Amino acid sequence: MAALDPSLLARILPIFESQKLMHHLGVEITALTEGSCELTLGYHERWSQHNGYFHGGIIGTLADTAAGVAATTLMSDGENCLTAEYKLNFLTPASGEAIVAKSKIIKSGRSLKIAESNIYSIGNGEQKHCATALVTLIAT
């Protein structure tokens, strides 16, 4: 996913930017299409745990938020969603210059949306799959 749909971005960006944590962390929307979203966060030692890897809480935050943005692309103006549940599996420590969360909606119902978020660490020109989340979102 490398596309950035300008009309979707215009609709989603105000919602995304209202999330103060995303602004604080410096997370960017790097791809956005109907039913999918990609978020990128550059490394900073403030986002690390005791071994210098990206902290698991940061990885979970990106997985959750990317899923929420992907779900919002399938909703009408004025509709919103909240996370009801997510399960996160860590596959390998995330290190490098950045992490990227790639989320896609795998089931879109009337009130529930189910997303898969895959998190990759970027370093030395390589992309390494470091976590996967299954996220359930509910329309509000």
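A residue counts as buried under 20% relative accessible area, as exposed over 50%, and as partly exposed in between. T83 has 33% relative accessibility, so T83 counts as partly exposed. The model behind this value is predicted.

T83 belongs to strand β3, which covers residues 81-90. Leaving aside neighbours within four places in sequence, T83 is in contact with D64, V135, T136 and L137. G52 is another matter. T83 and G52 are 31 residues apart along the chain, and their C-alpha atoms are separated by 29 Å.

## Helix α1 and its two faces

Helix α1 runs over residues 6-17 and has 12 residues. From first C-alpha to last it reaches 16 Å, close to the 16 Å expected at 1.5 Å a residue. Which residues of α1 are buried? They are L8, L9, I12 and F16. These residues cover an arc of only 90° around the axis, which puts them on the same side of α1. An α-helix has 3.6 residues a turn, so residues three or four places apart point the same way.

Now turn to the other face. Away from the buried side, α1 carries the exposed residues S7, A10, P14 and E17. And what covers the buried residues of α1? The cover includes α2 (20-25), β1 (28-33), β2 and α3.

Helix α3 has 17 residues. It reaches 24 Å from its first C-alpha to its last, close to the 24 Å expected at 1.5 Å a residue. Of the 17 residues of α3, 13 are buried, so this helix is largely enclosed by the rest of the structure.

The largest nonpolar core has 37 residues. Its largest share, 9 residues, comes from α3. The residues with the most contacts inside the core are V27, L32, L41, F54, I59, I99 and I119. Take L41 from that list. Not counting residues up to four places away in sequence, L41 touches L25, G26, V27, W47, F54, I58, L62, E97, A98 and I99.

## Rings and a charge

How many aromatic pairs does a search of the whole structure find? It finds 1. Y43 and F54 form this pair, and it is edge-to-face. The rings are 5.2 Å apart, centre to centre, with 90° between the planes. Both residues lie in the loop between β2 (36-42) and α3 (56-72), so the pair ties together parts that are 11 residues apart in sequence.

Y43 has a relative accessible area of 33%, so Y43 is partly exposed. Elsewhere, a charge meets a ring. The charged end of K102 sits over the ring of Y120, 5.1 Å from its centre.

## A139 and R110

A139 is found in strand β6, residues 126-139. A139 has 26% relative accessibility, so A139 counts as partly exposed. Not counting residues up to four places away in sequence, A139 touches M75, N80, C81, R110 and S111. A139 and E79 are 60 residues apart along the chain, yet their C-alpha atoms are separated by 7.0 Å.

R110, one of the residues that A139 touches, is found in the loop between β4 (98-108) and β5. At 79% relative accessibility, R110 counts as exposed. R110 and H24 are 86 residues apart in sequence and 32 Å apart in space, C-alpha to C-alpha.

L21 has its place in helix α2. With 44% relative accessibility, L21 counts as partly exposed. L21 and T61 are 40 residues apart along the chain, and 9.3 Å separates their C-alpha atoms.

N124 has its place in the loop between β5 (112-123) and β6. At 76% relative accessibility, N124 counts as exposed. What stands out about its backbone? Most residues other than glycine have a negative phi. Phi of N124 is near 55°, a positive value in a residue other than glycine.

Key. Residues numbered from 1 in each chain as written. Predicted model: local features only at pLDDT ≥ 70, side-chain atom pairs only at ≥ 80, totals over all residues. Heavy atoms only, no water. Helix = DSSP H or I, 4+ residues; strand = E, 2+ residues; numbered from the N terminus. Buried < 20%, exposed > 50% of the residue type's maximum accessible area, 1.4 Å probe, protein only. Contact = heavy atoms within 4.5 Å. Phe/Tyr/Trp six-rings, centres within 6.5 Å; stacked < 30°, edge-to-face > 60°. Lys NZ or Arg CZ within 6 Å of the ring centre and 35° of its normal. Expected span 1.5 Å × (residues − 1). Arc of directions from axis to C-beta. Core = buried A, V, L, I, M, F, W, Y, C linked by side-chain atoms within 4.5 Å.
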